[in-house]
Amino acid sequence: MPLINDNMRALIEGPSSILVGTRSADLVPNAMRGWGGRVSDDGNAVEVFVDRPAAATGVSNIHDNGRVTACFTDISTNRSVQVKGRCVEVGDPQAGDWDVIDGQRQGFTDVCGMLGFPRHMIRNMWSTQVVKIRFIAEQVFDQTPGPNAGKSL
Amino acid sequence: MTAPRFAIPLADIDDCFQGIVPSAIASSSPEGVPNVTELSIVYRVDDEHVALSRQFFSKTIANLQANPRASLMLIEPQSGRQFRLDLSYERTETEGPLFDRMSARLEAVASQTGMSKVFKLAAADICRVLQCAAVPVDHDIPPPDRAPVDLKKVDLISRRITSANTEDELLSISLEVLAHEFGYEHSFITLVDEGEQRLYTVASHGYEESGVGSEVLFGDGVLGVAAQRGETISISHVPSDLTYNRTVRSGFESTAEAANIEQEISLPGLPNVYSQHVVPIEARNRLLGVLCFESDQPGRFRFIDDFVFHLAAREIGLALILLRADPVRTTGVVAHLSPEIVEAAPTAQLRHYAADDSIFIDNEYLIKGVAGRVLWRLLQSYVEERRVDFTNKEIRLDASLELPDIKDNLEARLALLRRRLEDRCAFLRISNTGRGRIRLEVTRELTLREA
């Protein structure tokens, strides 16, 4: 049975806000913004892309220990899930990846625009060079604010 | 003490702490499992500390208690610049001035969405900032304009507010000068009523409907919580805050707490409000009212505006105290008969309900309470004696009005009455005819009836 069901897939692959967390060998965490979330067909792996200029520490952490987590939030409803796992691939985006990244960035910008945020401000949040991170999902948590936040799904 | 040597001083990114765009925080368990989540509010405590708001027990605090390091990402709402802060958790506060300030904002929005009994700030987690640096991007992002406050304008505001001769003048001048000098287009003043249980709107600027006379109970919504707690409350993205609370609300609706969820309160003021800044008007440690600014732009009010708001609120508070301390500026009673009524309009029917002193004009509600009682007395004098000129002193001393506790508030009530009449009635006006003097202007025949 896939760890990530269709509802979670829709959130991960939608125009969500994406955050990526890693930690160093001495347990110092690092937060990054992610783009272009995608779930494998079998529902057990997740791909995200992080801005290369901002990713040095995060990528170094992943090379060190492979631990990675990503939080996906629909900013119009605050529905949110966090997927924790182990990285199996770090590298450059491949053909077709930019369609996913650009599509998600466009959707995110549109949602932010509906909430009153100017487009230029959202555009300034990303870089044109990214690093691909692919990880096997081990745990999924409900991250939606409220009494169930943090509950394992 | 020297300021910490961060790549970016925290004071330079104050706008990141407005709570417009959620922040990101990453932590790690002692076993090495990272956690990352959005964080709705981060406060800057001082030049080297931030406070994280916590409403529920979370994995983040569990991690921080075991492994104090955290990575916080902030976004500057005007520019989109991002900043990464390396943190070390120091302590948790569940009371005290910082906790009170943080919880007032949360409580205010919770109250607005009927969640005041179930959604509260659990704790403020205080972290030391070890480093603050810009998150690198592959293009230049100019920092937002951070023009300093123009002290000439501040001086002008202070002079205009403190030069008011009456409370009525004070209320009008204050909002006008703030709009003119700083472009605060939508604002209103509410004052504390005699029972110190509610606020009533006494003056407004920039709204289609003045809203004068509307009331808010202490503890209800943003205004009521600001009054009850005596705290400034700034909300920079009202729709996001409301959506966040409604999400939490739906989470509680399937729990035992559902019974404690109350009705949402409709927002006063702008229908499409994004930014709302509410400042208590205080003097000599006493709450006199609340000053509210609104905008249909997200993040309209920045930290620099906060300075102006507080200065204006303090000046208004002091001016109110001074004007109320010297309320009687004329002696004797001036009696004038009404001029001939020239308008050939039908007689207006005015009804008074003694139970709450509400007054209806031609079946339309006008006003109630103390202001209603005072108006009824003026109208009776007018109908019986055709008298139109009155002094504040005689109103204060009029035993039939039974107003022993309103000596502080009479001028404000008269100001409210004047504005309500302007809003709701075409043929009655109250004008100021000098210090401590008012005139009732009537342009239709009246019939008064006790209901």
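The contact between the two chains takes 46 residues from chain B and 45 residues from chain A, two residues being in contact if their C-beta atoms, placed from the backbone, lie within 7 Å. On the side of chain B that touches chain A, the elements below each supply at least two residues.

| Element of chain B | Residues |
|---|---|
| Strand E1 | 23-28 |
| Strand E2 | 34-39 |
| Strand E5 | 69-75 |
| Strand E6 | 82-93 |
| Helix H6 | 238-252 |

H6(B) gives the most to this side, with eight residues. The side divides into 22 nonpolar, 18 polar and six charged residues.

This is a predicted model, in which local features need pLDDT of at least 70, side-chain atom pairs count only at pLDDT 80 or more, and totals for chains, interfaces and linings use all residues. Residues are numbered from 1 along each chain as its sequence is written, with chains lettered from A and ligands numbered from 1 in the order in which they are written. Helices (H or I, at least four residues) and strands (E, at least two) are DSSP runs, numbered from the N terminus.

Within chain B, helix H2 (residues 97-112) packs on helix H5 (residues 221-229) at an angle of about 145°, with axes 7 Å apart. The residues of this contact divide into five nonpolar, four polar and three charged; among those from H2(B) are B:Ala104 and B:Ala108.

Helix H8 of chain B (residues 369-385) has 17 residues and should span 24 Å at 1.5 Å a residue, which agrees with its end C-alpha atoms being 24 Å apart; the expected span is 1.5 Å times one less than the number of residues. Just after H8(B), B:Arg386 takes a positive phi of about 55°.

Note on methods. Ala, Val, Leu, Ile, Met, Phe, Trp, Tyr, Cys and Pro count as nonpolar, Asp, Glu, Lys and Arg as charged, and the others, Gly among them, as polar. Axes are lines fitted to C-alpha atoms, for helices over the stretch in contact, and angles run from 0 to 180 degrees between N-to-C directions.
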